[in-house]
2 protein chains.
Amino acid sequence: MKRLLYDLAGEDENFRFSPYCWRIKLALAHKNLPYETVAWRFTDKEAIAFSGQGKVPVLVDGEKVVADSQKIAEYLEVNYPNEASLFGDPPSRALTQFIRAWAEQVLQPAIARVVLPDIFFQRLAGKDKAYFRESRERAWGMTIEDFVAKRADYLAAFEAALTPFRTTLAAQNFVAGASPSYADHIVFGALQWARTSSGTVLLKDDDRIVDWMNGVLATYGL
Amino acid sequence: MKRLLYDLAGEDENFRFSPYCWRIKLALAHKNLPYETVAWRFTDKEAIAFSGQGKVPVLVDGEKVVADSQKIAEYLEVNYPNEASLFGDPPSRALTQFIRAWAEQVLQPAIARVVLPDIFFQRLAGKDKAYFRESRERAWGMTIEDFVAKRADYLAAFEAALTPFRTTLAAQNFVAGASPSYADHIVFGALQWARTSSGTVLLKDDDRIVDWMNGVLATYGL
C-alpha cells in the first residue's frame, strides 16, 4: 500500500516549508509509518481536487484521503492505535490544544511577518508568485514591501514571542517531557518554517531551540 | 494537625489577590486538604521570617514549612499521593510547564499593567503603599501614574494576550480537558487576580472565561 503526502514546495522542489506539512511528516515518523511526498505548489489546485479542497497537507493512505493537518493527525491516532500515541492521554491531548492555539495565533503570525518577503522573493515557485502576493496582501492588509520595511521590529517581536517556549525548554528535553509528542511536532513545524525560509539566521546553531529541533529529528532518525 | 496558608491580603482582609496564592488554594482544594488562611500584607516580613524568605504563599503543614507556589504544589503532589494528582502523568506535567511559562511571562505581565494602579489606589493596605510603589516602580521602570496614562493600550494588550486561551476553551471544558488540573489553577490564579483587583470590568459575566472560572470553583464546591 502506498502512502502519499502532498507537501508544499518552493521553486526548488526540495524546499518544503509548510509548518502544517511538517507536523504531519513528524507525526508519520512518530508512528513509524513510511510515506512518500509529492511536491506541491500553491497553484496546483487541480492536483489535489480529489481531496475536495485546495490546501496541503493532503494524505492519501491507500483508499483513504484526508486533508487538514489536525484531521490527518486525528486520523493517524485512531487508525494506527498500536503505534506510539501522538497526543498521549486525554489531559495531555487537552493541554496540547493550548500549545496549538499559541503556535497558530502567536508564534506563526510572528514568524510570517519576518519570512513572508523571504519566501516571496527567494523561495517561491515563479508560477505561485501572483497568487501568493494577492492572497497574503489581502489577508494582512499590507504589501510584501511593507513587511520588508518593518523587518527589524518583526524580528524583535519574533524573539519576544519565543519567551515562554524558551523557559519551557530550559527545564526539560521536549515540550511533552522526556520524548517528543504532537505538541513538539506543532512547534517544530513552525520553527522549521522559520529557519528554512528566512534569508537571515533566525536561530543560531548554538541556540537551545536548535538543539531541541535536532533532538526531535534524532528521535525519529531523521 | 493544623494546615495554614499565609495569603496576600489588601486593606480589607477578605481581599485576597495573589495569583500564586490562588494556585495553592485551588491545589489544596483539588487534593481535598482542609486549611485555614492567615491574611498577610507585603510588609509583614517578620510574620513569615520562620520560612526563611519574605514572600507568600507560605504553607505550614504540621511540622513542615514550604514557601514558593511551585515548591508547595510539588510538595503536595509528593506528600499526598493518594489524592487526585495535580499534574497528571509525566507528559501532562511537562506540557503544564509551558502553560506556567506563558501565564508568568505573557498573561500575568499583561494583567499587572492594567491592575497595578487599581491595587495601589483602591485595594492595598495603607502600610504596604510605600513598599508597593517603590518595588513596582523599580521593577517596571515607570511610575504608577504612567500605568494609569496607558490604561487603554494595556486593556487592549490584555485582551490580545488571552487569544490562545480563548481558543482552547472554545473546544473543551478545562485546560486539562474534562476536569481541572494544576494547569487550570495557574491560569485561574492569574485571572482571579485580574477580575478582583480591577476597578473596571475586565471580563463580563457572560464571558466564556468567567463560565470556566465558575466551573473550576464548582468542581471543588467553592
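Predicted model: local features only at pLDDT ≥ 70, side-chain atom pairs only at ≥ 80, totals over all residues.
**Entry 1: helix α1 of chain B**

I started with α1 of chain B, which runs over residues 19-30 and has 12 residues. From its first C-alpha to its last I get 16 Å, close to the 16 Å expected at 1.5 Å a residue.

Next I checked how much of this helix is covered. I find that 11 of the 12 residues of α1(B) are buried, so the helix is largely enclosed by the rest of the structure. Among the buried ones are B:Trp22, B:Ile24, B:Leu26 and B:Leu28. I also noted B:Arg23, B:Lys25 and B:His30 on the buried list.

What caps the N-terminal end of α1(B)? I found B:Ser18 there, with a side-chain oxygen 3.2 Å from the backbone nitrogen of B:Tyr20.

I then looked at B:Pro19, which sits in helix α1 of chain B. Its relative accessible area is 8%, and since buried means under 20%, B:Pro19 counts as buried.

**Entry 2: Asn32 in both chains**

Most residues other than glycine have a negative phi. A:Asn32 is not a glycine, yet I read a positive phi of about 60° for it. B:Asn32 is not a glycine either, and its phi is positive at about 60°.

Where do they sit? I place A:Asn32 in the loop between α1 (19-30) and β2 of chain A, and B:Asn32 in the loop between α1 and β2 of chain B.

Is A:Asn32 buried or exposed? I get 63% relative accessibility for A:Asn32, so I count it as exposed. For B:Asn32 I get 62%, and it counts as exposed too.

B:Ser51 is buried, at a relative accessible area of 16%. Which side chain does the B:Ser51 side chain touch in a polar contact? I found B:Gln53, at 3.0 Å.

Then I went through the peptide bonds. Most peptide bonds are trans. In chain A, the bond from A:Val56 to A:Pro57 is cis, and I read omega near 5°. A:Pro57 belongs to the loop between β2 (36-40) and β3 (58-61) of chain A. In chain B, a cis peptide bond joins B:Val56 and B:Pro57, with omega about 10°. I place B:Pro57 in the loop between β2 and β3 of chain B.

**Entry 3: α3 against α8 in chain A**

Last, I looked up a helix pair: α3 (residues 90-123) and α8 (residues 182-197), both of chain A. How do they pack? I get an angle of about 15°, with the axes 8 Å apart. Angles under 35 degrees count as roughly parallel, and α3(A) and α8(A) are therefore roughly parallel to each other. I noted the crossing of α3(A) past α8(A) as left-handed. I also sorted the residues in their contact by class, which gave 15 nonpolar, four polar and three charged.

Methods:
Residues numbered from 1 in each chain as written. Chains lettered and ligands numbered in written order. Heavy atoms only, no water. Helix = DSSP H or I, 4+ residues; strand = E, 2+ residues; numbered from the N terminus. Expected span 1.5 Å × (residues − 1). Buried < 20%, exposed > 50% of the residue type's maximum accessible area, 1.4 Å probe, protein only. Polar contact = N/O pair within 3.5 Å; in protein donor to acceptor, adjacent residues only side chain to side chain. Axes fitted to C-alpha atoms, helices over the stretch in contact; angles between N-to-C directions. Parallel < 35°, antiparallel > 145°, perpendicular 65-115°, else oblique. Left-handed = near helix turned anticlockwise from the far one by under 90°. Nonpolar A, V, L, I, M, F, W, Y, C, P; charged D, E, K, R; others polar.
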